[in-house]
Amino acid sequence: MAIIGSGATSIYLLKHLLDKMSVLKKEMYSISIFEKNTILGMGMPYNPITTDLYNLSNISSEELPDLEVTFEDWLKKQSVTFLKKMEIEKDKISKSEVYNRLALGQYLQSQYQSIIQNIKDFGIQCIEYPNTEIIDITYNNTTKFVSLHSTTQLYEFDKVIIATGHQWEDDDQEKNGFYASPWPIHKILPQQGTFHNFTIGTLGASLSAFDVVSSLSRRHGKFVTDSKGNYTYQPYKGTDNFKMVMHAAHGWLPHLQYEQEKPIREIYRHFDRKALYNALDEDGFLTLSSYFTNFCVPALSKAFQKDNLTQLSKKITNVDYTFKDFVTDMADKHEYDNPFEGMREEMKQASVSITKNKPIHWKEVIDDLMYALNFHAELLPAEDHIFFRKEIMPFLMNVIAAMPLPSAKILLALYDANKIEIVPGYVNILENKDFTTIEVTHKDTQTIHLYQMFINCSGQRAISVDDYPFPTLVKEGYITPPQIPFKKDASAMELTSEEKEKIIKKGNTSLYELPGITINSSYCLVNANGDTIEAIQDISFAHSSGLRPYSYGLQACSATSEIVVANWVASFQNKKLPSGDLKEVSKIYEKDPQL
Ligand SMILES: Cc1cc2nc3c(=O)[nH]c(=O)nc-3n(C[C@H](O)[C@H](O)[C@H](O)COP(=O)(O)OP(=O)(O)OC[C@H]3O[C@@H](n4cnc5c(N)ncnc54)[C@H](O)[C@@H]3O)c2cc1C
């Protein structure tokens with residue numbers, strides 16, 4: 001078999017393969033790993049090619065799914081020189097602390113190397129191909145072989161797993177100061193001895209925007225704890241006009257890191273498989289309203305109770321209380337006239353949560369519930385996919401992609417030094433000519449902003465089929481966009497013109513085209529005729545997150561690859577083809593302790 005990409009998803013795939021190697025070694029004899037970069041086993045966000053020392057991870061050792069040793073134990077064994085370079089204090093290393101992403105990258109790479117060695121010890125050949133970008137894939141439907149094409153060679157396999165991870169599509173226009181993503185971060189940093197002595201805009205105010213803020217602020221000043229114990233920012237001379245403006249649709253800053261009772265997500269923690277299948281309607285749809293009423297309401301009501309939010313605990317059980325009401329209520333609690341002052345207030349609660357190990361239960365429970373929904377999302381009707389993306393995802397990403405407390409301290413110090421602000425409203429990028437001009441719409445009012453440097457920090461989206469990296473698979477119909485049926489009459493719905501364009505009529509049925517690609521429940525490609533291509537599985541979330549929109553972070557990387565591996569093992573043991581039907585695959589969720 002071959003794996004394209006050697007980031008975190010690939011590392012977890014290899015780990016799950018290793019765990020089942022006593023069964024799998026009878027079926028496989030070699031694993032080839034293709035990586036377009038020089039460094040194998042690190043991936044995009046944790047790599048010195050893309051990332052700066054000042055970019056923090058938002059996951060602690062106790063939240064990381066198992067690899068060979070824990071991140072905490074690994075850090076404790078590192079040399080003083082290494083820890084000093086990573087600005088980590090040896091005595092303070094802990095399982096609940098978050099560290100910079102470069103340190104996490106070194107850890108991931110060490111785990112990757114150790115896993116590869118252990119797989120080799122089973123007698124399996126592991127062939128690594130650094131600096132080898134796969135530029136196309138072809139599939140022979142007769143022999144069932146898959147060919148991988150690099151610029152110079154062709155390689156043939158029985159099985160290929162696509163784990164290509166992040167894909168930033170748009171091009172930078174450096175001449176006009178427009179950056180389509182902040183990566184690699186080095187491209188936006190001032191050259192040694194110079195400053196960006198002007199205002200810099202970001203699209204987004206979440207974790208990627210914070211990476212920009214963190215890296216740039218370090219180049220224009222320093223953070224100092226003053227004699228009164230206040231954490232302050234002291235700008236360097238000659239940086240008077242350096243300032244950062246973050247644009248965010250709702251004007252929200254992220255929620256803060258919180259203590260969790262159970263840091264590792266579990267698909268069937270709050271309900272079981274049988275209950276889920278009982279909640280399907282007569283057409284086989286899992287509607288969001290049924291999911292909310294049957295599973296979210298009881299679990300959240302209990303969580304609110306534990307958090308002493310008694311009123312909400314009762315309110316959520318009202319028969320006419322909807323998912324939208326929940327989002328509105330919780331978003332209102334996070335809505336401030338001044339989001340920085342709001343963050344200062346929330347810091348108090350978050351600090352107690354972390355230092356006194358006091359979990360904030362509702363946040364953990366909603367994360368669990370959405371994680372569980374994600375692995376059943378193919379059951380949602382089209383209108384619920386639309387609603388989920390539009391109304392639920394922005395709220396979830398704000399709560400769950402939580403900001404570590406050290407990052408919040410930095411943000412507040414910058415705010416106090418008048419070096420940062422946030423502007424609410426929807427951004428429309430008008431033109432990039434010498435400057436980037438944007439139009440911001442907030443409460444029906446439009447304003448125009450001009451930036452010498454503007455960075456799109458809105459994060460990874462599911463890519464469209466046109467941007468799929470392996471063109472022959474698209475041309476030959478092996479890659480198609482997911483098309484999901486509506487439950488209700490699509491023509492009677494209030495949809496934007498963009499959404500209406502994605503409706504496809506097939507006979508009497510209206511289908512909705514999602515971003516990303518069509519895969520079955522065990523991540524095999526499904527071609528234009530609806531046939532499953534067992535030989536190719538795509539677990540890159542930039543491709544699969546049209547159908548599975550909440551595949552966020554390292555826990556999802558691990559779960560996705562475990563589903564693939566556990567499904568193979570089940571098929572070998574049962575001596576039948578792996579099933580791609582959710583009804584079968586969900587039996588694995590039920591049995592597998594890692595899911
Ligand atoms: C800036 C940023 C920060 C993040 N921080 C966190 C965090 O703190 N905690 C967390 O849980 N999650 C975080 N995430 C989520 C992140 O998606 C996962 O943690 C993880 O990196 C995803 O791993 P991956 O292997 O799927 O993708 P990637 O990390 O993108 O790895 C894919 C690999 O495939 C290689 N590749 C791609 N195409 C080809 C090709 N055609 N041929 C050969 N090789 C190829 C790439 O070079 C890369 O090494 C972050 C995401 C971003 C963007």
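1. The model is a predicted one, and the points below should be read accordingly.

2. The ligand is surrounded by 31 residues. Thr9, Glu35, Met44, Tyr46 and Asn58 are the closest of these. Sorted by class, the shell holds 14 nonpolar and 13 polar residues, with four charged ones besides.

3. A polar backbone atom of Ala8 is 3.0 Å from a ligand oxygen. On the side-chain side, a polar atom of His166 lies 2.8 Å from an oxygen atom of the ligand, and one of Asn37 lies 3.4 Å from a ligand oxygen. The protein buries 93% of the 990 Å² that the ligand exposes when taken alone.

4. The protein is divided into three parts: domain 1 (2-167 + 462-481 + 516-591), domain 2 (174-251 + 420-456) and domain 3 (273-400). Between the C-alpha centres of domain 1 and domain 2 the distance is 33 Å. Their contact involves 12 residues from domain 1 and 10 residues from domain 2.

5. About 870 Å² is buried between domain 1 and domain 2, with 51% of it on carbon and sulfur atoms. Which residues of domain 1 lose the most area to domain 2? They are Thr50, Asp52 and Tyr54, which together make up 50% of what the domain 1 side buries.

How values were computed: Residues numbered from 1 in each chain as written. Predicted model: local features only at pLDDT ≥ 70, side-chain atom pairs only at ≥ 80, totals over all residues. Heavy atoms only, no water. Near = heavy atom within 4 Å. Polar contact = N/O pair within 3.5 Å; in protein donor to acceptor, adjacent residues only side chain to side chain. Areas by Shrake-Rupley, 256 points an atom, 1.4 Å probe, with all protein chains shown as cover. Nonpolar A, V, L, I, M, F, W, Y, C, P; charged D, E, K, R; others polar. Domains from an automatic or database assignment. Contact = heavy atoms within 4.5 Å. Buried area = accessible area lost by both parts, 1.4 Å probe.
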